[in-house]
Amino acid sequence: MINHMAKRLIILLGCMVSLAYAATPEKVLHLELSAAETGFDPVATSDLNTAAIEQQLFEALLTYDYLARPVRLIPRLAATMPVVTDQGKTWVFTLKKGVYFCPDPVFKGQLREATAQDVVYTIMRFMDPKNRSPYKFLVDGKIIGLDELGDEARKSGHFNYNASIAGLEVLDRYTLKIRLKTTDYNFSHAMAQPMYGIVAREVIESYAGDTASHPVGTGPYRLGRWIRSSLIELEKNPNFRHEVWDFGSGSDPKLGSDPKNNPDPADARVIAQMKGKTIPQIDRIDIQVIEESQSAWLSFGKGELDMIGLAGQFAPMALTGDRLKPALIQRGIRLDRLIDPSIAYYFINQQDPVLGGMSRERIALRRAIFMAQNDEEMIRVIHKGQAFRNAYPIPDGVEGSDPNYRSVLNYNPREANHLLDQMGYAKGPDGYRRLPDGKPLSVRYTTSLSSQDRELDEMMKKSLDRLSIHFESEKLKFPEIIKAERQCRVQMRLSGWIADYPDGDNFMQLWYGPHIHENNGSCYQDPVWDRLYEKTLTMPASLQRDTIYRQLARLLELNGVTKVSTSHIRNVLSQPWLLGYKAHPILPSVWSYLDIDDTQRPKP
Amino acid sequence: MIAYLIRRIWQMIPTLLGVVLLVFFLFNWVGGDPAYVLAGKMASPEDIANIRHQLGIDRPLWEQLWIFIRQIVSGDFGDSWSTHEPVSQIFRTRLGPSMTLLIPLMILETAVAVLMALLVSAFRGSLLDRSLMVASTMVMSISLLVYIIVGQYVFASVLGWFPVKGWSQQLSQNLTTYAVLPVLLGLLVSVAPSLRLYRTFILDEVGQDYVRTARAKGVSETRILWVHVLRNAGIPIVTNLLMGLPALLTGAFLLERFFAIPGIGREIILAVERSDFPIIKAATVYVAMATLVANLLGDMLYRVLDPRVNLD
């Protein structure tokens with residue numbers, strides 16, 4: 001009898017649970033990507049759109065705190081922050097226990113736990129020449145024994161994943177010791193990149209040749225329906241561990257970096273909306289590839305998208321200065337605004353036969369060219385006001401930045417002309433300046449074929465006209481620009497760099513001599529500069545390191561190597577029903593930290 | 001007829017070879033080096049060399065050309081250099097959406113242009129004729145981009161008659177919901193030049209002796225236009241139509257891009273931007289083949305439309 005009643009009770013309870021479950025509508029987040037994804041094998045990823053999705057599918061050992069500003073590393077797959085010894089040469093990571101990969105036929109229905117060996121395999125993949133990983137540079141030349149494995153693979157055509165190397169030592173199932181060749185306090189940032197999300201060897205081997213279509217990670221979401229270049233659906237990973245939203249308030253960037261004394265008031269709303277909730281709250285993420293910003297803007301206006309990054313040309317329609325238009329505020333739309341950890345900088349090739357070299361005349365010429373660039377006009381015309389003048393090579397929000405830095409290359413055409421006159425760049429009969437030896441002078445400016453770059457050409461011509469210097473335009477396809485830059489064939493260009501990780505080193509390395517033919521587009525090689533920079537490599541973030549960074553920045557200006565022009569402002573608009581959103585400068589996506597209040601969403 | 005067919009197919013081989021050589025040398029000359037983009041932000045010269053080796057672009061040109069020819073024969077163009085997706089899969093999955101957009105557009109364009117051309121031919125020199133010709137010129141003078149930007153804003157966003165963008169897996173939903181506005185906007189631009197062209201073809205026929213004879217015999221104007229004139233004007237119309245067929249393979253880049261339609265047009269433009277040669281090679285060869293086949297088909301249709309045409 002009791003047995004019978006118990007059965008009935010269980011059935012009744014089952015029905016109630018099912019009904020309750022059925023009554024809970026599925027929470028769907030609608031998003032857009034401005035460019036098509038390139039496939040979901042983290043090792044092969046180089047673009048931010050794909051990285052944004054991989055951030056949800058895979059988990060790296062570390063990540064960045066959602067609210068803390070300046071950004072702060074926290075454990076993700078790791079149980080705690082790594083133990084760093086031997087002056088930043090030895091790193092011990094301990095993994096969380098009970099972290100499982102999302103279900104996949106390769107696991108034959110079994111739960112598959114992520115272990116230290118998976119981390120070793122994941123890191124090794126970056127050095128496998130077959131994977132030709134764009135983010136190999138984060139471990140290249142760093143881990144003891146790993147480069148040698150890569151070299152062997154290049155010769156034999158086969159990477160030995162079974163090899164034991166001193167640099168990657170598994171201490172137990174959950175503990176990994178990484179030994180570096182030299183001191184590197186930034187190694188933790190490498191282990192926080194979504195590209196370093198942990199993968200399982202059997203999955204990669206089972207889908208060899210098509211790993212980009214089979215992302216199997218431990219992240220809060222897994223890949224659902226996928227129509228390439230059109231629609232990506234992410235659904236909750238049923239194996240995702242129980243994790244609770246528990247971020248503390250960050251600091252108000254305008255007031256200081258201490259969150260206790262200067263908490264960011266915007267964080268209070270986010271914390272009130274999210275604290276204590278299980279991660280993730282949203283059941284499904286529906287991501288559409290919408291390449292045209294007009295289409296995204298109109299879709300957002302109709303409520304079809306829950307969040308968009310505001311494209312520059314729509315800023316005047318949505319913003320008055322740095323505030324939302326009243327019509328949008330009335331609709332409850334929110335604006336999140338932050339300075340991108342990026343710089344736009346002019347550089348001049350130091351090996352160029354006309355503009356390069358370290359003679360006083362050449363340095364003066366380069367400095368004059370930089371001083372003729374009107375950055376405010378650039379912000380107004382090109383960026384539609386959505387950028388600000390930043391003269392320091394390390395942008396705001398990145399470790400080592402200096403908001404008080406004063407440039408010596410600010411816009412000053414009068415001073416620039418005076419400098420050229422002094423150095424013997426006299427004007428010829430045609431009204432244009434000539435080299436001190438009387439030979440003709442012109443500046444070749446390299447840009448891509450895009451419409452925005454046509455505007456850049458116009459602006460540069462205007463700048464050089466201010467100095468009475470002939471302007472030459474070199475139009476190349478983007479891959480050709482990169483090639484020419486790496487071969488030191490570009491004379492002058494406006495380039496950009498966005499932080500891979502929020503440390504000054506990621507920016508300062510752009511002018512390091514040994515990086516010529518890699519990403520030192522100015523082809524600058526100065527033993528004084530290089531020795532100073534090398535000194536910073538062995539230093540943790542500190543005031544001493546910042547002092548050297550200031551010296552390096554000043555040298556770049558004084559030698560007429562580069563002029564940092566602007567940093568971009570990122571504007572993100574979100575609908576009133578989207579809860580818990582705060583733009584993050586480094587994380588490519590924060591979707592698992594969000595929630596949706598469907599009662600506020602307009603009914604179709 | 002069979003002899004003619006064999007001869008024409010035989011003649012296609014050198015034409016195709018010419019296209020292959022042109023594409024191959026053009027790409028190698030101005031196509032850009034994809035290794036520098038694929039290598040990422042911080043790559044050493046060794047990394048670039050490794051990528052070039054893997055892509056096979058460090059091999060001698062004749063060897064690369066031979067691989068290209070083998071790919072054409074086998075129909076396997078390998079994988080995309082940027083996304084590793086097989087090229088065959090790219091065409092298989094992206095052609096459907098492009099066709100869903102372009103086939104209705106082509107049918108509608110032809111039907112509307114022929115009907116209107118017949119109408120204005122019947123009233124040649126009248127106010128209707130002149131008004132339509134002026135309107136056609138005006139419509140043709142405005143870029144498709146303007147129609148798309150304004151059309152999407154007015155009809156999709158403000159009036160809400162159509163979705164702003166989107167695509168589904170169901171053909172019926174695409175045809176009745178997502179493709180409607182792009183097709184109408186495409187029609188607005190494409191119908192005008194066709195109308196002007198077809199009007200000329202029809203007017204050429206209207207002035208012929210056989211039309212005068214038919215009128216003298218008392219045949220109705222409707223019958224003259226629909227049966228006699230249209231049949232004879234059919235040859236250049238069919239030629240124009242068939243010349244447009246290969247364009248189905250290249251998609252409609254702007255429409256696809258603005259309405260987020262996962263078609264082949266977007267993919268080809270992206271491939272050009274990324275110097276993704278396998279996709280560019282496949283697209284060029286497919287379009288060249290389609291053009292040759294369309295030409296052949298056109299010649300054969302002439303025979304059907306006009307029995308006096310002798311293919312031999």
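In this predicted model, chain A and chain B bury about 4,100 Å² between them, and carbon and sulfur atoms account for 50% of that area. On the side of chain A, the residues that lose the most area to chain B are A:Arg132, A:Arg228 and A:Glu291, which together make up 18% of what that side buries. Counted by contacts, the interface brings 43 residues of chain A together with 51 residues of chain B.

Across the interface of chain A and chain B, 6 salt bridges are found. A salt bridge also joins the side chains of A:Asp500 and B:Lys41, with 3.0 Å from N to O. Several elements of chain A each supply at least two residues to the side that touches chain B, namely the strands β8 (221-227), β12 (284-289) and β21 (492-498) and the helices α8 (293-301) and α15 (478-486). The most comes from α15(A), which gives 6 residues to that side. By residue class, the side of chain A that touches chain B divides into 16 charged, 15 nonpolar and 12 polar residues.

The buried residues are A:Pro479, A:Glu480, A:Ile481, A:Ile482, A:Ala484, A:Glu485 and A:Arg486. Both chains take part in covering them: the cover includes β17 (342-348), β19 (442-447) and β21 of chain A, together with α2 (35-38), α3 (45-55) and α13 (264-274) of chain B. After α15(A) comes A:Cys488, where phi is positive, near 55 degrees.

Another spot in chain A to visit is A:Lys582, found in the loop between β23 (578-579) and β24 (595-596). The relative accessible area of A:Lys582 is 8%, under the 20% limit, so this lysine counts as buried. Its side chain is joined to that of A:Asp267 by a polar contact of 2.9 Å. Leaving aside residues up to four places away in sequence, A:Lys582 touches A:Tyr66, A:Leu67, A:Arg69, A:Asp264, A:Asp267, A:Val270, A:Asp336 and A:Val590.

Terms used:
Residues are numbered from 1 along each chain as its sequence is written. Chains are lettered from A and ligands numbered from 1 in the order in which they are written. This is a predicted model: local features need pLDDT of at least 70, side-chain atom pairs count only at pLDDT 80 or more; totals for chains, interfaces and linings use all residues. Side-chain values use heavy atoms; hydrogens and water are left out. Contact means heavy atoms within 4.5 Å. Buried area is the accessible area (1.4 Å probe) that two parts lose on being put together, summed over both. A salt bridge is a side-chain nitrogen of Lys or Arg within 4 Å of a carboxyl oxygen of Asp or Glu. Helices (H or I, at least four residues) and strands (E, at least two) are DSSP runs, numbered from the N terminus. Ala, Val, Leu, Ile, Met, Phe, Trp, Tyr, Cys and Pro count as nonpolar, Asp, Glu, Lys and Arg as charged, and the others, Gly among them, as polar. Buried means under 20% relative accessible area, exposed over 50%, partly exposed in between (1.4 Å probe, protein chains only). A polar contact is a pair of N or O atoms within 3.5 Å; within protein, one must be able to donate a hydrogen and the other to accept it, and residues adjacent in sequence count only if both atoms are side-chain atoms.
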